[in-house]
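Thanks for coming. Please have a look at the model on the screen before I start.

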Amino acid sequence: MALKATIFKAQLQVADMDRDHYGDYQLTLARHPSETDERMMVRLLAFAHNAAQELEFTRGLSSDDEADLWQRDLAGELELWVEVGLPAEERLRKACNRARRVLVYSYGRRTAPVWWQKQGGALARFENLRVYQLCADATESLAAMAERSMDLNVTIQDGHIWLSDARHTVEITPQVLQ
């Protein structure tokens with residue numbers, strides 16, 4: 001018997017002063033059975049960091065041909081492709097050929113620095129690729145905020161992201177690797 005995804009609901013209020021974007025989003029996230037709370041919350045953080053009405057979650061881990069999030073323009077072309085985790089160079093090459101902009105949100109206490117050390121040189125040739133590395137302490141704190149129903153406020157200013165609920169506030173400063 002196949003395991004089913006767990007559904008999470010998030011009410012997200014975004015105040016992004018860096019992009020002058022403000023909005024409220026009612027989101028439904030399906031957490032794949034093999035996905036951790038930390039990964040799901042990094043997906044949510046990636047959404048908040050790039051919030052737009054056209055940005056949407058995809059089937060993610062359930063599909064090899066889809067990003068974790070993407071945004072299409074009015075003609076249906078891929079404007080933005082967002083990956084969470086430590087994707088292979090081949091996957092990012094395909095993404096860079098399909099979308100105008102590709103973002104990676106890498107995380108992991110030990111694994112992310114090793115991944116970047118191995119992949120960084122090969123990824124440097126992609127001009128439309130930006131890679132962020134997230135602090136492990138911050139992503140682990142995000143995981144602790146995961147609930148089936150979440151009401152979250154996000155403030156983005158000067159490259160810093162503050163994500164808070166009624167009990168917690170987590171500050172994240174994505175390090176730009178590329």
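I will take one serine, then a pocket, then a helix.

Some ground rules. This is a predicted model, so local features need pLDDT of at least 70, side-chain atom pairs count only at pLDDT 80 or more, and totals for chains, interfaces and linings use all residues. Residues are numbered from 1 along each chain as its sequence is written, and side-chain values use heavy atoms, without hydrogens and water.

Start with S106. It sits in strand β6, residues 101–106 (strands are DSSP E runs of at least two residues, helices H or I runs of at least four, numbered from the N terminus). S106 is buried, at 0% relative accessible area (buried means under 20%, with a 1.4 Å probe and protein chains only). What does S106 contact, beyond neighbours within four places in sequence? G85, L86, A112, W115, Y132, Q133, L134 and L177 (contact means heavy atoms within 4.5 Å).

Now the largest pocket. It holds about 260 Å³ of space. Of its 17 lining residues, H49, N50, R101, R130 and Y132 are closest to the centre. Strands β6 and β7 (129–133) each give two or more residues to the lining. A pocket here is an open set of points on a 1 Å grid over the protein atoms alone, where a 1.4 Å probe fits, with protein on both sides within 12 Å along at least five of seven lines; lining residues have an atom within 4 Å of a point. Volume is the space filled by probe spheres set on the points, which are joined across faces, edges and corners.

Last, helix α2, residues 89–98. Its buried residues are E89, L92, A95 and C96. They cover an arc of only 120° around the axis, so they lie on the same side of α2 (the arc is taken from the directions from helix axis to C-beta atoms). The buried residues of α2 pack against β5 (78–84), β6, α3 (111–123) and β7.

Methods
Buried means under 20% relative accessible area, exposed over 50%, partly exposed in between (1.4 Å probe, protein chains only).
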